[in-house]
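Here is a short briefing on one protein chain. Look at the structure first, then read the points below it.

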Amino acid sequence: MSQSLILNELKSCVLYDGKMREIFIESKILEMIYKSFGAPNSCSLMQTDKKYALRAREILLQDIQNPPSIRRLAHMCGTNEFKLKAVFKEYFNTTIHAMLTNERLNAAKKLLQNGDINVGEAAKLVGYKNLSHFGKIFKAKFNTLPTRIRE
């Protein structure tokens, strides 16, 4: 599809003369080569890479209160930090830290909605030691204070 668009654009090279025409044609040829061979696609993750991402998520969700460092997580998954972060981001479309934060906040919200515990206990149960930080990011995500959830 994109190759045919580039070919149609090449037809318009008659608008240019001399050196500009050469540069235009060369740029369109390079663009076609890139789109044909060099462009990443959604299927670029190999099966082993998907396993790294899924395993990392599984490990993180086992103990969201005390997750391993990214270095330790990569070791547990059998890869390096750089590869794990890249694969995780591509597979889940989010970073490891953002996914963990999201899961923690959702778990805290559920705990607060049950009404059995206070905000400090909920924050601690999902791994936050600083209550004001917890309140700030909770409000940013849910647009309400955690104390309002209990009400």
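The side chains of Arg71 and Glu81 form a salt bridge, with N and O 3.1 Å apart (a salt bridge is a side-chain nitrogen of Lys or Arg within 4 Å of a carboxyl oxygen of Asp or Glu). This pair links distant parts of the chain, since Arg71 is in helix α4 and Glu81, 10 residues away, is in helix α5 (residues 81–92). Helices here are DSSP runs of H or I with at least four residues, numbered from the N terminus.

The model is predicted: local features need pLDDT of at least 70, side-chain atom pairs count only at pLDDT 80 or more, and totals for chains, interfaces and linings use all residues. Residues are numbered from 1 along each chain as its sequence is written, and side-chain values use heavy atoms, leaving out hydrogens and water.

**Salt bridges**
- The whole structure holds five salt bridges.
- Arg71 is exposed at 61% relative accessibility, while Glu81 is partly exposed at 28% (buried is under 20% relative accessible area, exposed over 50%, partly exposed in between, with a 1.4 Å probe and protein chains only).
- Arg57 pairs with Glu103 in another salt bridge, the closest N and O atoms being 3.4 Å apart.
- That pair also links distant parts of the chain: Arg57 is in helix α3 (residues 47–62) and Glu103 in helix α6, 46 residues apart.

**Buried residues**
- Cys77 belongs to helix α4 (residues 70–77) and is buried, at 10% relative accessible area.
- Cys77 touches Tyr52, Arg55, Ala56 and Ile59, not counting residues up to four places away in sequence (contact means heavy atoms within 4.5 Å).
- Thr101, in helix α6 (residues 96–114), is buried at 17%.

Conventions. Helix = DSSP H or I, 4+ residues; strand = E, 2+ residues; numbered from the N terminus.
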